[in-house]
Amino acid sequence: MKKLISPLDLSTGEIDEIIALADRIMENPSAFAHKCDGKILATLFFEPSTRTRLSFEAAMLSLGGKVLGFSSANSSSAAKGESVADTVRTVECYADIIAMRHPKEGAATVAASKVECPLINAGDGGHQHPTQTLTDLLTIHREKGRLDNLTVGLCGDLKFGRTVHSLIRAMMRYQNIKFILVSPKELQVPDYIRDDLVNGGFDFEEVERLEDAIGAMDILYMTRVQRERFFNEEDYIRLRDSYILDAEKMTMAKSDMIVMHPLPRVNEISTEVDSDPRAAYFRQARCGKFVRMALIMKMLEVE
Amino acid sequence: MLNIDSLEKGLVIDHIQAGKSMEIYRVLELDKLDCSVAIIKNARSKKTERKDIIKIEDRIDIDLDVLGFIDPHITVNIIDGGQIIEKKQMKLPERVTNVVKCKNPRCITSVEQELDQVFCLTNPEKAQYRCLYCEQEYARK
Ligand SMILES: [Zn+2]
């Protein structure tokens, strides 16, 4: 595995290996503290994403490696008009592995075709963000002990939400997965995702109200309804409040359901839910660093 | 009606959907050839109601892969010595490069102009192509 552009670039076998390795790292992080001594990770962030960049950098530092890079296009040669291809070719001279984020879709595909070293897509516009999906899968596996036989609820902006589309696609590869898609009509999953669900013979339903479906879920994946997705403020305010998870809705959920969220949240999960043991989103954020450690090790072929 | 027999050597691009011949003329850059090219529009056909035909004299070395992308129903007759020496049925190519542009304004190709415009066949039944980079579907008119 030399390049990771889309979560589906990984076989389920490779995902199992990454999850198993991440579990081992989480059990005993100090045993991995020198696995990448002398190795350099370049984090090339053509658009800012502090959370994702710090997670990658923390992962490499925790493995004993070093990091270099830039955190926005302003502070990079891209501001002077250098192409993605030229930037990554130059950086390859200094680094053993590259993690890159870019506002344009397909940018990582361009970069991957230009370099020999391992390259991880850390987000290319609204297109792919494989380490988020890996984080989600690790979290589900740790919380539920399995990736099959689950009823997965996804709630919020299912139309534009990249993390949701990737997670649906990733979960479709496991046995006996049922999907419950909760969104306003205006923000339902795009046709190509629905076509895949229909053609794949999946059990799925689309509902408008979270309280109607929350009781059947093993997992509830909440997403933010972004203000800029709406044409007007009125629609935003009307729809935003229909999809807020609070303590009252949690009383309708199974006792072993887990709540996930890619973070940052705005108000789609009230803070009163945070103390509920079923709230897994902060544990999920913690998984992000460990899954990136496992991924970096795999891609650098470090044992 | 113009007759295929009049060609001694060349290509006959047949069963073009009526009205599409100019698009093919443009994509194959036939304007850059110095041999004679005949475009027959709205010819009568048994297969379809109306069709277009393009005849190219003297040249048989034109890259025709792209024709399958435009319309896989096109057939190409290769003529030599006044005879049809080969009849080719076009099919959907696996990928086409620099034939059509990605229309996704968020695609990397929209800012990095030197990149090739590459589309890959992702669903042969629907003749569906997606951009190699952003994976946006190419919408046919
Ligand atoms: Zn594109």
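**Exercise 1.** In this predicted model, determine how Asp191(A) and Arg194(A) are paired and where both residues lie.

*Solution.* Step 1: the closest N and O atoms of Asp191(A) and Arg194(A) are 3.0 Å apart, and the two residues form a salt bridge.

Step 1: Arg194(A), at 19%, counts as buried; the cut-off for buried is under 20%.

Step 2: the pair is part of a network of salt bridges that links Asp191(A), Arg194(A) and Glu206(A).

**Exercise 2.** Identify which parts of chain A are linked by the salt bridge between Lys254(A) and Asp218(A), and classify the accessibility of each partner.

*Solution.* Step 1: the closest N and O atoms of this salt bridge, formed by Lys254(A) and Asp218(A), are 2.8 Å apart.

Step 1: the pair links distant parts of the chain, 36 residues apart. Lys254(A) is in the loop between helix 10 (247-250) and strand 10 (258-260), whereas Asp218(A) is in the loop between helix 8 (210-213) and strand 9 (219-222).

Step 2: a relative accessible area of 31% makes Lys254(A) partly exposed, while Asp218(A) is buried at 9%.

**Exercise 3.** Explain why the salt bridge between Glu17(A) and Lys298(A) ties together parts that are 281 residues apart in sequence.

*Solution.* Step 1: the side chains of Glu17(A) and Lys298(A) meet at 3.0 Å, N to O.

Step 1: Glu17(A) lies in helix 1 (residues 12-27) and Lys298(A) in helix 11 (residues 281-299) of chain A, so the contact joins parts 281 residues apart in sequence.

Step 2: both partners are partly exposed, Glu17(A) at 42% relative accessibility and Lys298(A) at 27%. Over all chains, the structure holds 21 salt bridges.

**Exercise 4.** Describe the donors and geometry of the zinc ion site in chain B.

*Solution.* Step 1: the SG atoms of Cys102(B), Cys107(B), Cys131(B) and Cys134(B) coordinate the zinc ion at 2.3 Å.

Step 1: the angles among the 4 donor atoms are 100 to 115°, and the site is tetrahedral.

Step 2: along the chain, the donors follow the spacing C-x4-C-x23-C-x2-C. Cys102(B), in the loop between strand 6 (95-97) and strand 7 (118-123), and Cys131(B), in strand 8 (residues 128-131), are 29 residues apart.

Step 3: Cys102(B) is buried at 14% relative accessible area, and Cys131(B) is buried at 3%.

Key:
Residues numbered from 1 in each chain as written. Chains lettered and ligands numbered in written order. Predicted model: local features only at pLDDT ≥ 70, side-chain atom pairs only at ≥ 80, totals over all residues. Heavy atoms only, no water. Salt bridge = Lys/Arg side-chain N within 4 Å of Asp/Glu carboxyl O. Helix = DSSP H or I, 4+ residues; strand = E, 2+ residues; numbered from the N terminus. Buried < 20%, exposed > 50% of the residue type's maximum accessible area, 1.4 Å probe, protein only. Donors = N, O, S within 2.8 Å, 3.2 Å for Na, K, Ca; no water. Tetrahedral: all angles 85-135°; square planar, octahedral: opposite > 155°, others 65-115°.
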